[in-house]
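Here is a walk through a two-chain model, written for someone who would rather look at residues than at tables. Keep the viewer open as you read.

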Amino acid sequence: MDQKMNVLKRDLQYLKNSNDLLLARQKVRLRATELRFSLVDLTKLVTAASELARNALEHGNGGVMVLENVVNGARSGLRIVFEDQGPGIPESLPPSEVGMVQ
Amino acid sequence: MERIPVLRMGPLLLITIQVDMHDQMALRLQDDVTQCIAELGSTGVLIDISSLEIVDSFIGRMLANIAAMSRVLGAETVVVGMQPAVAITLVELGMSLPGVRTALSVEAGMELLIGAAYGATYGSEDERPQA
């Protein structure tokens with residue numbers, strides 16, 4: 001990850017129940033709107049956040065979303081990190097069985 | 001708990017999702033719709049999602065479930081009013097709502113459902129073999 005990124009603002013959203021999922025979506029939407037994301041980018045971002053938040057909730061026994069406004073020179077954006085203490089995916093599984101995208 | 005209203009319009013059920021649903025609301029909607037079809041003998045279900053700002057895999061699965069459950073109970077489902085940005089996101093996610101009929105507007109969806117009901121009753125073009 002680029003070390004030169006400066007964090008301007010940081011916000012936490014705990015993910016303990018499905019109401020937190022709504023709050024997480026709202027926060028991401030608000031920040032992305034403030035940063036003037038296009039409607040399509042905003043929709044994709046909120047959708048991705050919703051998937052990750054639900055994953056943390058259902059498979060990680062809850063977790064936390066860290067939402068940061070970051071700048072890198074003239075570029076500004078959002079960094080969203082989802083953390084949970086779930087079991088994870090075994091290292092021994094070949095990638096094809098995991099079906100991970102990234 | 002909040003619930004999404006299911007309105008009866010003759011042989012059809014009309015559902016407008018206007019709030020950001022939490023998961024229990026979505027699950028409850030599946031129950032309500034199937035219950036209504038069973039009680040009222042509805043032949044069509046119209047779901048308006050024009051107010052939905054996102055459709056993630058959970059909501060997509062709910063829509064597919066409602067369509068599949070309704071079909072088993074003898075009712076057709078049409079999802080209408082999807083926002084273009086939602087359509088782009090869904091397709092790029094690899095979720096194009098298989099098994100769910102869609103239409104651009106409520107009017108277009110109504111026509112589909114009324115046409116399907118008419119076809120089922122009087123045997124029109126719906127009975128022709130599919131090309």
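With 13 C-beta neighbours inside 10 Å, Asn61(A) counts as partly exposed. This is a predicted model, and in it Asn61(A) sits in the loop that runs between helix 2 and strand 2 (63–72) of chain A. The backbone there is worth a look: phi of Asn61(A) is near 55°, a positive value in a residue other than glycine. Most residues other than glycine have a negative phi.

Arg36(A) has a positive phi too, near 60°, and again this is a residue other than glycine. You'll find Arg36(A) in the loop between helix 1 (18–34) and helix 2 of chain A.

## Chain A in outline

Chain A has 3 helices and 3 strands, and along the sequence they follow the pattern β-α-α-β-β-α. Of its 102 residues, 25% count as buried. Take the contacts in chain A with a separation of 6 or more: residues 24 or more positions apart account for 60% of them.

Leu12(A) belongs to strand 1 (residues 6–15) of chain A. Leu12(A) and Val66(A) are 54 residues apart in sequence, but 4.8 Å apart in space, C-alpha to C-alpha. Leaving aside neighbours within four places in sequence, Leu12(A) is in contact with Val64(A) and Val66(A). For all that, Leu12(A) is exposed, with 9 other C-beta atoms within 10 Å.

## The nonpolar core

Which residues have the most contacts inside the largest nonpolar core? They are Ala53(A), Leu46(B) and Ile47(B), in a core of 45 residues. Helix 2 (residues 39–59) of chain A gives the most to this core, with 7 residues. In soluble globular proteins, nonpolar side chains tend to be buried together.

Ile47(B) is a handy one to click on. Setting aside its neighbours within four places in sequence, Ile47(B) is in contact with Ile15(B), Ile17(B), Leu63(B), Ile66(B), Thr77(B) and Val79(B).

## Helix 1 of chain B

Start with the length of this helix. Its 18 residues should span 26 Å at 1.5 Å a residue, and the end C-alpha atoms are 26 Å apart, which agrees. Just after helix 1 of chain B, Gly41(B) takes a positive phi of about 65°.

Now look at its two sides. Leu29(B), Val33(B), Cys36(B) and Ile37(B) are buried in helix 1 of chain B. Seen down the helix axis, the buried residues fall within an arc of 95°, so they line one face of the helix. What covers these buried residues includes strand 1 (6–9), strand 2 (12–16), strand 3 (44–48) and helix 2 of chain B. The face turned away from the buried side carries the exposed residues Asp31(B), Gln35(B), Ala38(B) and Glu39(B).

## Out to helix 4 of chain B

Leu112(B) is in helix 4 of chain B. Leu112(B) is partly exposed, with 18 other C-beta atoms within 10 Å. Beyond its neighbours within four places in sequence, Leu112(B) is in contact with Val78(B), Arg101(B) and Ala103(B). Leu112(B) and Ala38(B) are 74 residues apart in sequence and 21 Å apart in space, C-alpha to C-alpha.

## Where the chains touch

How many residues of chain B are in contact with chain A? There are 14, and they are in contact with 14 residues of chain A. On the chain B side, the elements that give two or more residues are helix 1 (23–40), helix 2 (57–72) and helix 3 (84–92) of chain B. Helix 3 of chain B provides the largest share, 4 residues. By class, that side has 6 nonpolar, 4 polar and 4 charged residues.

## How confident is the model?

The model scores ipTM 0.83 and pTM 0.84. Chain B averages a pLDDT of 89, and 91% of the residues score at least 70. Within chain B, confidence is highest in strand 3 of chain B, at 97, and lowest in helix 4 (residues 106–122) of chain B, at a mean of 84.

Technical notes. Residues are numbered from 1 along each chain as its sequence is written. Chains are lettered from A and ligands numbered from 1 in the order in which they are written. This is a predicted model: local features need pLDDT of at least 70, side-chain atom pairs count only at pLDDT 80 or more; totals for chains, interfaces and linings use all residues. Two residues are in contact if their C-beta atoms, placed from the backbone, lie within 7 Å. Ala, Val, Leu, Ile, Met, Phe, Trp, Tyr, Cys and Pro count as nonpolar, Asp, Glu, Lys and Arg as charged, and the others, Gly among them, as polar. A nonpolar core is a set of buried Ala, Val, Leu, Ile, Met, Phe, Trp, Tyr and Cys residues joined through C-beta atoms within 7 Å. A residue is buried if 20 or more other C-beta atoms lie within 10 Å of its own, exposed if 12 or fewer, and partly exposed in between; C-beta atoms are placed from the backbone. The expected span of a helix is 1.5 Å times one less than its number of residues. The arc is that of the directions from the helix axis to the C-beta atoms. pLDDT is the predictor's confidence in each residue, from 0 to 100.
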